[in-house]
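Please report on the strand pairing, the ring contacts and the nonpolar surface of this structure. Keep it brief.

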Amino acid sequence: MNAAPRFFCADAARLRGDSLAGTAPYGSTWILIEYRGGWPADGFDGLPLEPVTKGLVYAAAAAIRARMLLVRRHGRRSRQGPPRWAVLRHGADGDYRQTWGEWSRDEDLAGIVGALGSPGEAGRPPVVLVCAHGLHDACCAVRGRPVGRALSERWPDLVWECTHVGGDRFAANVVIAPDGVYYGNLDAASAVSVVEEHLADRVHADHLRGYTDLFPPQQAAVAAALARFGPAGRRHYAVEETLRLDDRWRVRLTGRGVPSPVHEIEVRSHRAPPHQLTCKGRSVSSSVVYEVLSVSTG
């Protein structure tokens, strides 16, 4: 008797046509810890670190809902010197800030706590994170590692592979931080094109999951504007107003320019039929889909 074919959540999501827009997790701060050994399935939580230091870092991150990611260079290649850590922040004023450090002993990671309370340095190039966390989800490895290889060959100083970023079924996932932009459904060729455009401050609707400083219906509205009016800079659109009525939102966007156009975008949310959404998860669950009903310009 033939065994059933192996289930891959990203393959299933593509066959269903799962929508990307509005699926970026909310957040403005990322903590990166370079870890050159094997990554536990639960990432930072599973690291065998000195307990007091680990507790301090975890509590400080949890207090501001920072996302903690283990990172490494593609192929686990390491540079000379100790591994690094970083705090990346997308400020409320729109500034992108970074603080970097090194750690030789577990106790050195306590520097992250102080960095979370400091403004950080502006003007540094963004970090390109590729989810390649195979122990968490098979698709992250199968689809993420070829993307990590292609991007690392092009931008070796900017690109890191990382642990789980959310949305396994959209692998390969790429996060640009501290810009706070999620891209999904990438392969090696499309990833190079997407990142190249992003670094030139041109965000396209294709492959865009959303901006992490916006809530899902707002993310879907921005993606709709980009799809309708063409690529634009990361800060081109500002959300001026969001009104909700039951399962619908009316999102008002303004764009930079003289005169500044105003776009009214209507978004409706609904539950998709239950499906297995991860490679490992045996149970089914229903995701929320954000459907754009109309786009008008005043």
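In which sense do strand β3 and strand β4 pair, and over how many bridges? The model is a predicted one. In it, β3 (residues 84–90) and β4 (residues 96–102) run antiparallel, with seven bridges between them. Ala-86 faces Trp-100 of β4 in this pairing. The two strands form a hairpin with five residues between them. Gly-94 in this hairpin has a positive phi near 90°.

**The sheet**

Strands of a sheet pair through backbone hydrogen bonds, in a parallel or an antiparallel sense. Here, ten strands make up an open sheet with mixed pairing. Their order is β5-β4-β3-β1-β2-β7-β6-β8-β9-β10. The edges are β5 and β10 (208–211), and each of these strands pairs on one side only.

Gln-98 stands opposite Glu-121 of β5. Arg-97 stands opposite Ala-122 of β5.

**Rings and charges**

Aromatic pairs number three. In one of them, the ring centres of Tyr-26 and Phe-215 are 4.7 Å apart and the planes are at 0°, so the pair counts as stacked. Tyr-26 belongs to the loop between α1 (9–16) and β1 (29–34), and Phe-215 to the loop between β10 and α6 (216–229), so the pair ties together parts that lie 189 residues apart in sequence.

Two arginines lie over the faces of aromatic rings:

| Arginine | Ring | Distance from the ring centre |
|---|---|---|
| Arg-72 | Trp-39 | 3.6 Å |
| Arg-235 | Tyr-96 | 4.6 Å |

Tyr-96 falls within β4 (residues 96–102), and Arg-235 lies over the face of the Tyr-96 ring.

**A nonpolar patch**

Which residues make the nonpolar surface patch? Val-52, Leu-56 and Val-113 do, over an area of about 250 Å². Leu-56 sits in helix α2 (residues 51–63). Leu-56 has 47% relative accessibility, so this residue is classed as partly exposed. The cut-off for exposed is over 50%, and for buried it is under 20%.

Conventions:
Residues are numbered from 1 along each chain as its sequence is written. This is a predicted model: local features need pLDDT of at least 70, side-chain atom pairs count only at pLDDT 80 or more; totals for chains, interfaces and linings use all residues. Side-chain values use heavy atoms; hydrogens and water are left out. Patches are made of residues with over 30% relative accessible area and no salt bridge: like charges are joined within 9 Å, nonpolar side chains (Val, Leu, Ile, Met, Phe, Trp, Tyr) within 5 Å. Accessible areas come from the Shrake-Rupley method with a 1.4 Å probe; for residues, only the protein chains shown count as cover. A salt bridge is a side-chain nitrogen of Lys or Arg within 4 Å of a carboxyl oxygen of Asp or Glu. Helices (H or I, at least four residues) and strands (E, at least two) are DSSP runs, numbered from the N terminus. Buried means under 20% relative accessible area, exposed over 50%, partly exposed in between (1.4 Å probe, protein chains only). Two strands pair if DSSP finds at least two bridges between them. Rings of Phe, Tyr and Trp (its six-membered ring) pair if their centres lie within 6.5 Å; planes under 30 degrees apart count as stacked, over 60 as edge-to-face and the rest as tilted. A charge sits over a ring if NZ of Lys or CZ of Arg is within 6 Å of the ring centre and within 35 degrees of the ring normal.
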